[in-house]
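Visitor: Please take a close look at one part of this model, the place where the two chains meet, and describe what surrounds it.

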Amino acid sequence: MSETKPFLLNKSLHLHLLLVQLSTVALFANELTAWMLAIIALSFLWQFTQLAVPKRTRQHHSVSTPKLVTVLFALAGAGVIVVNSKSLGLLLAMVHLICFAYGIKSLEIKSRKDFYIIILIGLFLHACAFIFIQSIWYALVVLTVILLNLALLYRIFSVNVAHLKSYLSSLKLLAFSVPFAVALFVFFPRLSPFWQVPLANTAKTGLGSDVQPGDIAKLALSDALAFRVEFAGKAPSKSQMYWRAMTMSYYDGKKWSRNNGNRLPFYLMQKPNINYLSGDTYQYQVMAEASNRSWLFSLDTARLDNNKITQLADFSLISDKPITKTVNYQVVSFANAGKELNLANRAKRFYLRIPEDSNPKLQRLGQELRQRFNDKQQIIDHVLNQFRQQPYFYTLEPPVLVDNSLDQFYFDTQTGFCEHYASTFAFLMRAAGIPARLVTGYLGGEYNQQGNYYSIYQYDAHAWTEVWLEGQGWVSVDPTSAVSPERVSDDMSNALRQQRVNIAGAFSWQAFSTNALIAKLKMQIEAIDYQWNRLVLSYTVEKQTEFLKTLLGQGRLWKAALVMLLTFVLVVGLLWYRDLRPKQLNRRSNWQLQFDKLFIQLSKIGITREPSQLPLQMINDIEKVNRSLAVDYQQLCLNYERLSYSQLNAKDNMAIAKQFIEQCKKFNKQLKRL
Amino acid sequence: MLGALKQQVNQRFNQWLIKRVPTAQVFTLSNRNIFIFPTLFGFAYLVIVLLLFLLGTNYQNNVIMLLSYLMASFFVTTMLTAFFNLKGLSLRSAKTHNGFVGQMLHPSVTLQCDKPVFDINLSYHNSAVSKINTVEDCQNAKIALNTSKRGVLRPGRLKVLSEYPYGLFQVWARLDFDHQFIVFPAPKAIATKQLKALVTSDQEGGANLQETSGDEFNELRSFLPGESMARVAWKQLARGQGKFTKHYRHNLGESRYLSLEMLPNVSLERKLEYLSYLVLQYHQLNAQYGLVLTTTKIEINSGDLHRDECLTALAMYALPNGVIHE
């Protein structure tokens, strides 16, 4: 029935709506194209100017938009979507469409229905925002926007109620909804996806599938989290934490690559060949952040039991789908495992391949070394010693190499980051007849005391090498450890850290977190985010099944239903109890309390008020004491009567009450002086 | 066919309602008389929550799942809050209320509560909705009812509806105050000289009604509805002193009976309108008057109660039950 009535938002409500819309669209600032953002912003700006400029002819503050303007907006938005639809992909095109509809719907609010539609589209968009980001902080931001949206709706049904109360009441109702929601989340059976959904083609982050000099140095400027690891039991020392992502075995004269074009090397799909020897084992859980790439991370020689993750022959882990949201997996690693003790001749030849015409000086050096040393280990040691003894420098800002020439690096500039050393080393080893490959991944990690886990950031990205030795299999060699041992033992040397700050600009977490207190706070914040990841984001179908099995045992389905029902009853009971609680409606207001004080003061000088006496009737008694007091008293009583008996609106009431309290205080002061 | 079925269901429902929420003068809203059902918007909200669930499941996105559960749970919390908003509200309304045809009837309802109650909409089946934003402690509300015919107006049950807090649910109660509003004939001015002097032998008292031929200006009185525009004192109105009518002295005599026979030959309804006017006139002059309507006779008297009795007799005259169902 209310739908038929004309529905008009007043200025305050419309501004509130604009705020909600603005913050909702802002959630998609990264996803929307600049053109779409501009159109939506223009629509908001138009509404804002309509509200801000008072129109004498307009009776209500609501916005009425000329047809032409609406049509222009609609055409512009549709145009942007059509033009960009190819590059956007299905998901982003949908997001554009909904955001656009949401942005311009408020141009025409004619009925309550229109308003409701905006509220509901808003709610849907708030959920959609989580497709792209799921961190707890982002969730809190979105929840705030949801609260804004609900408070707006609340204000429609509680006109004349203080603005703040709409937020508080909505927050309270949301808080009351949490227990049942959590019960549903934990116990309501998870379902598998019903149908294939379009994924966001967002930018890939982290390590790429090839490495050329300068790539990892670039990555080292990023503060983004790559993944987190929680060890069950003991953890290896930091200098042993080589997190393997992939190996690169193709060298084309400029860069090392994992694949040759789109093809993986033939042997990678074989079963990994690991000899588990005695030694330390590490059990840990890895929680990888979304990277939109497939590779996952583990220490060397990992073993895992997961049907969505495969281990390739080079011991790297690969997910069957790109990582678009946080994934979680359990791994066991063996410190002293023999990696592929027997290598087929074909594979050996594969790992010795170098383009004939590239880096001739290094090729010559390799041949020299092969002739000079009988033992392969000696060659390796010799090269590492060269790095150690010659003036090689480790820096984030290496000089540019012509055509990525490793020759130039090794013999001339002698300045580079880990990928320079690793690329050159692997090349040199191949030239010297030792099968070698480049390994990329991360090194080290930041320990979080609060959460008992390690965070590995993009700036921990690292490249090292593996050489294959008869009888030992693949052996990891990190040339960086020869050049800059502190890079391996510490997260990053101080000089390097300073360099990062200089490149990244004045504000950077690294510079910032040198302050102990802030560093601790940062750790705390990250620990919270970690728990959110662990408890909420990675609560999958499998996890739920497992959790319910251990918690409820047999007949877990009906027991889960019972728990949900109990929570529901609990919440209902809580609300019922809240309603039954005695209410303090006749609480005396401030001005009444002040008036009470006045009578206490009066009684001290012998003037008491009979219960039947009206305040004004006491004026005679006061006049006997002091004339000027009586005049003040009379004025004060006038306000008292207005407060007590006239129907005042809230604003007037507050003003008079304030005045009245002042008068009472003044009167009391004068009384004390007597 | 469908109409008949609907009617039957309605009838059943009304009978059940009579048992469940019987007639009273005061109602305190509780789970006995409150109804609650999602609004269209509430259903739309549920559809969106379901969409969120599908979205969350298909993307295997736990945050969206959590949000969809939170919104579903919020729906329940809102339902309870909507119920508790009206629960405990007391409504009181007098059984009767009077007015003239063509005027709005404004029956009043007193709402009382021990906590603020929001968004109250009061209405009868066919009336406009009277909206109260917030009731704190105690408040009077008036509902506007259209009147088109004289007689007794039974507006039916009063509907108290609230969509607080989010419009997802409508919570309502249908209360039977046994309202019977008497709608008097609209007063229609008639000049005294048009009245036939009826002096019959069997009339008791007040028989010596004399009428002077000349109308002598006597006084200005506040405008009464139904008075002729020709009598309005325009001078005073133009000076902004208010709307008055000029009154001339008629020698109405001590007291008299008003009856249909004394009126010129017009339709019955028009006659009743004239009588309605005369009753008001006599009442304002503080004169003694009575009323004779074929079989009904109201003895000569004066005062507010007497006026209402006469007007009620006029309202009910020649109506089988005197009832208008609206």
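Guide: Two residues are in contact if their C-beta atoms, placed from the backbone, lie within 7 Å. Leaving aside neighbours within four places in sequence, L67(B) is in contact with A127(A), F130(A) and L52(B). This is a predicted model, in which local features need pLDDT of at least 70, side-chain atom pairs count only at pLDDT 80 or more, and totals for chains, interfaces and linings use all residues. Residues are numbered from 1 along each chain as its sequence is written, while chains are lettered from A and ligands numbered from 1 in the order in which they are written.

The contact between the chains takes 42 residues from chain A and 43 residues from chain B. On the side of chain A that touches chain B, the elements giving two or more residues are α4 (112-132), α5 (136-157), α6 (163-187), α17 (516-537) and α19 (556-580). Helices here are DSSP runs of H or I with at least four residues, strands are runs of E with at least two, and both are numbered from the N terminus. The largest share of this side, 10 residues, comes from α6(A). By residue type, this side divides into 34 nonpolar, 5 polar and 3 charged. Ala, Val, Leu, Ile, Met, Phe, Trp, Tyr, Cys and Pro count as nonpolar, Asp, Glu, Lys and Arg as charged, and the others, Gly among them, as polar.

L67(B) also belongs to the largest nonpolar core, which has 128 residues. Such a core is a set of buried Ala, Val, Leu, Ile, Met, Phe, Trp, Tyr and Cys residues joined through C-beta atoms within 7 Å; buried means that 20 or more other C-beta atoms lie within 10 Å of the residue's own. Those with the most contacts inside this core are C99(A), I64(B), L67(B) and V160(B). Helix α3 (residues 62-86) of chain B gives the most to this core, with 15 residues.

An unreviewed UniProt entry places "transmembrane region" at residues 34-57 and 63-86 of chain B; UniProt positions follow the numbering used here, feature names are shortened, and annotations may be inferred rather than shown by experiment. Over residues 63-86 of chain B the model is 100% helix and 0% strand, with end C-alpha atoms 35 Å apart. Residues 34-57 of chain B are 75% helix and 17% strand, and their end C-alpha atoms lie 37 Å apart. For chain A, the UniProt annotation (unreviewed entry) covers several spans, including 139-157. That span of chain A is 100% helix and 0% strand, with 27 Å between its end C-alpha atoms.

Note on methods. Buried ≥ 20, exposed ≤ 12 C-beta atoms within 10 Å, placed from the backbone.
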